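This report goes through one protein model, from the whole chain down to single residues. Keep the sequence and the structure in view while reading.

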Amino acid sequence: MTAPRHDHRRLGREPALFDTDPLIGAGLPYWLPHGAAVRHALEEYIRAAERCAGYQHVYSPVLGKRELYEISGHWAHYSDDMFPPLDLGGEQVVLRPSLCPHHAVIYRSRARSYRELPLRMAELGGMYRSELSGVLGGLTRVRSIQLNDAHIFCTLDQVAGEAGAALEMVRGAYRALGIRAARYRLSLPGPGGKHVAAPDAWRRATALLTDVLDRSGLPYEKGEGEAAFYGPKIDVQVTDSAGRESTLSTVQVDFHQPERFDLHYIGADGARHRPVMVHRSIIGSVERAVAHLIEHHGGAFPAWLAPVQLAILPVSCDQQEQAEALARRCAGLGLRTEIAGPDRGSLGARIREGRLVPYQGVIGPKEAEAELAALRLRDGRRLDPLPAAEVLSRISALTDAHSTDLWDHGETPAGAAVPHA
Ligand SMILES: [Zn+2]
């Protein structure tokens, strides 16, 4: 069966972003250098946005004792999706199905004061899901997941503000990534679902999230049976090339796990109080986010995410030295480049080959002589030769700002009348 043109499994193989091997196993993709570059840029964007928003990052292990998940409720409500436990000398250890229990334990590891709240704990960490092999494919259904996760431990009064701020971060990230939410969903428990029984907590959490959505002015729908087992959530839905919908981002309110882990903080009154846990993910799993980005952009990523940001094209071997010097300057600025020299074909063929690359810098004899680069933008625009230093500083400024624009607004391109080929 051939995948549709914009299927990420096909597009991801073309610029060689990721692959799988039966020997590693189904649903366990590995990332090739270009895919790893995209993933790294995405993860760094998320970490920087989180640092800006007052999150603190932690690392926690991908394994935990079975008991940890018995306390969290995963064992009772979620074990169908978990890998069987490993027996280690009389102890059972589990590949984690989520990061929440580890974060709850980290919160509990020291006495907390109301002055520390809201305490925003973030991690881009691994988790595992025992998907059946029949449903595995590409990056969207995988058994090994890198989750952009965070838990905000806060007072009841702080929940709405934190959930609203998380939604704002989602909107900021979508702008930078050049993607759109298909719809917002308030995910509620359904009949017969595996949910913890605490009607009062569900009512309070649902009221809080409804209020956040109403105040955001975003249109949303209710989704019965879509809640997490421990609480309702706001899901941000995206659609793939075949029109299938999936959840990319989520904000959840949880009264259950703070209770189960007996979390508390000392209030201004000197007494012990129970915090609320807000679970939130801006881009969901890195795998699903990259799959969506590949499909949405047809492989033509925003420049800050592109595996190769600038292709350097010496017209002939005589400009090889200048091309290499330019590549070294790019590396110093953190820009990802590739030299496509005459050994790779005619200039026209090399330009076509690099059609997904945001910028192509052509260096002919004139440019080499005067340290210039004639820039071609992915959208077809061609600029007059500019000093190489200016080209690099303008590209850097756009990528540092996570802009989806290829060039500054108001810039008049030289037009199609300046062929360099
Ligand atoms: Zn969580």
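Among contacts in the protein between residues at least 6 apart in sequence, what percentage join residues at least 24 apart? The figure is 73%.

## Overall picture

The model is predicted. Its secondary structure amounts to 13 helices and 20 strands. The C-alpha trace spans about 75 × 50 × 40 Å along its principal axes.

The protein has 421 residues, and 40% of them count as buried.

Helix α2 covers residues 33-52 and helix α9 covers residues 286-297. The two pack with their axes 11 Å apart, at an angle of about 110°. Angles from 65 to 115 degrees count as roughly perpendicular, and α2 and α9 are therefore roughly perpendicular to each other. The crossing of α2 past α9 is right-handed.

Which residues of α2 meet α9? On the α2 side they are Val38, Arg39, Leu42 and Glu43. Their partners in α9 are Val286, Ala289 and Val290. Sorted by class, this contact has 5 nonpolar residues, 2 charged residues and no polar ones.

## A cis peptide bond

Most peptide bonds are trans. The bond that joins Leu117 and Pro118 is cis, with omega at about -5°. To find Pro118 in the structure, look at the loop between α5 (100-108) and β7 (119-128).

## Two residues with positive phi

Most residues other than glycine have a negative phi. Glu371 is not glycine, and its phi is a positive value, near 55°. Glu371 sits in the loop that runs between α12 (365-370) and β19 (372-377).

His402 is also a residue other than glycine with a positive phi, here near 50°. His402 belongs to the segment after α13 (388-400).

Is Glu371 buried or partly exposed? Glu371 has 14 C-beta neighbours inside 10 Å, so it counts as partly exposed. A residue needs 20 or more other C-beta atoms within 10 Å to be buried. His402 has 20 such atoms within 10 Å and is therefore buried.

How values were computed
Residues are numbered from 1 along each chain as its sequence is written. This is a predicted model: local features need pLDDT of at least 70, side-chain atom pairs count only at pLDDT 80 or more; totals for chains, interfaces and linings use all residues. Helices (H or I, at least four residues) and strands (E, at least two) are DSSP runs, numbered from the N terminus. A residue is buried if 20 or more other C-beta atoms lie within 10 Å of its own, exposed if 12 or fewer, and partly exposed in between; C-beta atoms are placed from the backbone. Two residues are in contact if their C-beta atoms, placed from the backbone, lie within 7 Å. Axes are lines fitted to C-alpha atoms, for helices over the stretch in contact, and angles run from 0 to 180 degrees between N-to-C directions. Angles under 35 degrees count as roughly parallel, over 145 as roughly antiparallel, 65 to 115 as roughly perpendicular and the rest as oblique. A crossing is left-handed if the near helix is turned anticlockwise from the far one by less than a right angle, and right-handed if clockwise. Ala, Val, Leu, Ile, Met, Phe, Trp, Tyr, Cys and Pro count as nonpolar, Asp, Glu, Lys and Arg as charged, and the others, Gly among them, as polar.
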